[in-house]
Amino acid sequence: MSDKKSLTLLQKIAAASSFGIIVAGIVYWSIQVQSVMELLEMAYG
Amino acid sequence: MELLPFFEWAETSFLGYIGKTYGGVYATFGQSIHLMSLAVLGGSVLVTDLRLLGVIMRDVPSEVVADQAHKWFRIALGFILATGIFMAAAVAQRMYYNDFFWAKMSALLVGIIFVFAIKRPLLKGNHADIQPWLLKLVAVASILIWFSVAATGRWIGFS
Amino acid sequence: MINELLMQFAEWLYATGGSRSIEESYYLYNWIEATHVITIMLCLGMLVFIDLRMLGLAMPGVSAVKISERLNIPMMIGFVIMFITGLLLFYAKPTYTIQSIWFRVKMVMLLAAFVNAVIFHKRLKASASSWEYEPKAPRNLQICAALSLGLWAGVVMTGRLIAYDWFHCYRELPAWLGAAAGCVAD
């Protein structure tokens, strides 16, 4: 990181919300994938 | 907020009636235009975000790419929302009880707020003033949220 | 004659293990279809922006050649995914699909889009250096771009309609439609 300026408020909000979206996305899709795997295990053994 | 009455009303509304009665209209004007708008919306998102990630068009200023893509994002969003409302109205009660519908609506709301309240204001300025890691973080979040809207949306059709 | 041959081919495909396992599996057909549809965002998304540039409707200040070259690769990656998933979708339901009038129209439009794309690229290569910084491409290239948008919109629409059997062979169809859809006497 070359820039020594601190982040503006908008930039901080952007960073936090992007991070939040990514975490929420990873959690949601992990749960979906897991539930599918369980269902397939039940269906196919 | 009790939403069920609204969904019940929607299905009996004129919009819902047309979609239910005329399958051809539903498929051609609803679904097909929704998909064509998806192409433009997805394209505008990917053109901007892949540029921000430095994957494509590295020799074109990212401000130009973001500005122009956003123009088409707005147009596509308009059509996609209109056709989405038309399609949902026809099967509103089923949507009310569908988990993937609510997942999609949540992701859509997040996506819209993210674009208009955060991403667009951020990218309107000079990108050199923004930390590169922040641009990339925003790009990844954007791709993820719109992919999620599309994927949960498609899955409504299977559930 | 052709319709009979196509139907025989479809029935042969239908009987293969792979075809049955995709169609009958719990999720596989759905995932392949979802991938096919979502990849529209990549493949057609890039293509739309190339066409819009030619028409002067997107990034008019950027070299048209540059946009075409830069967006071509992600578009082709998307197209490969579309093509493979499309093949698999056909393979899973060959007899239904081959007798779908919408599928047949879609294939004709795809072919036309391909021919249009070849013509487009040839013309672009030949003329680009003279106008690449103009906001709009020359007339003949604009026509290719507009045609491209129209044909691909048609591909999307007919693709979506394949799932609807309003004009399938078990319905009462006028003779010309039955022939076009590939209906064969049982």
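Of the 159 residues of chain B, 47% count as buried. The model is a predicted one.

**Fold of chain B**

- Chain B contains seven helices and zero strands, and its order along the sequence reads α-α-α-α-α-α-α.
- The C-alpha trace of chain B extends over about 55 × 30 × 25 Å along its principal axes.
- Among contacts in chain B with a separation of 6 or more, 81% join residues 24 or more positions apart.

**Annotated regions of chain B**

- An unreviewed UniProt entry lists residues 33-54, 75-95, 101-122 and 134-156 of chain B under "transmembrane region".
- In the model, residues 101-122 of chain B are 100% helix and 0% strand, and the C-alpha atoms at the ends of this span are 30 Å apart.
- Residues 134-156 of chain B are likewise 100% helix and 0% strand, with 33 Å between the end C-alpha atoms.

**Packing of chain A against chain B**

- Two packed helices are described by the angle between their axes and the distance between the axes.
- Helix α1 (residues 9-44) of chain A and helix α7 (residues 132-156) of chain B have axes that come within 9 Å and cross at roughly 40 degrees.
- Angles under 35 degrees count as roughly parallel and those from 65 to 115 as roughly perpendicular; α1(A) and α7(B) are therefore oblique to each other.
- The crossing of α1(A) and α7(B) is left-handed.
- On the chain A side, the residues of α1(A) that meet α7(B) are Gln11(A), Ala14(A), Ala15(A), Ser18(A), Phe19(A), Ile21(A), Ile22(A) and Gly25(A).
- Their counterparts in α7(B) are Leu134(B), Leu137(B), Val138(B), Val140(B), Ala141(B), Leu144(B), Ile145(B) and Ser148(B).
- The contact of α1(A) with α7(B) comprises twelve nonpolar residues, four polar residues and no charged residues.

**Interface between chains B and C**

- In this interface, 26 residues of chain C are in contact with 25 residues of chain B.
- On the side of chain C that touches chain B, at least two residues come from each of α3 (28-38), α4 (40-54), α5 (64-92) and α8 (139-161) of chain C.
- The most is given by α4(C), with eight residues.
- By class, this side of chain C has 20 nonpolar, three polar and three charged residues.

Terms used. Residues numbered from 1 in each chain as written. Chains lettered and ligands numbered in written order. Predicted model: local features only at pLDDT ≥ 70, side-chain atom pairs only at ≥ 80, totals over all residues. Contact = placed C-beta atoms within 7 Å. Helix = DSSP H or I, 4+ residues; strand = E, 2+ residues; numbered from the N terminus. Nonpolar A, V, L, I, M, F, W, Y, C, P; charged D, E, K, R; others polar. UniProt positions renumbered as here; feature names shortened; annotations may be inferred. Axes fitted to C-alpha atoms, helices over the stretch in contact; angles between N-to-C directions. Parallel < 35°, antiparallel > 145°, perpendicular 65-115°, else oblique. Left-handed = near helix turned anticlockwise from the far one by under 90°. Buried ≥ 20, exposed ≤ 12 C-beta atoms within 10 Å, placed from the backbone.
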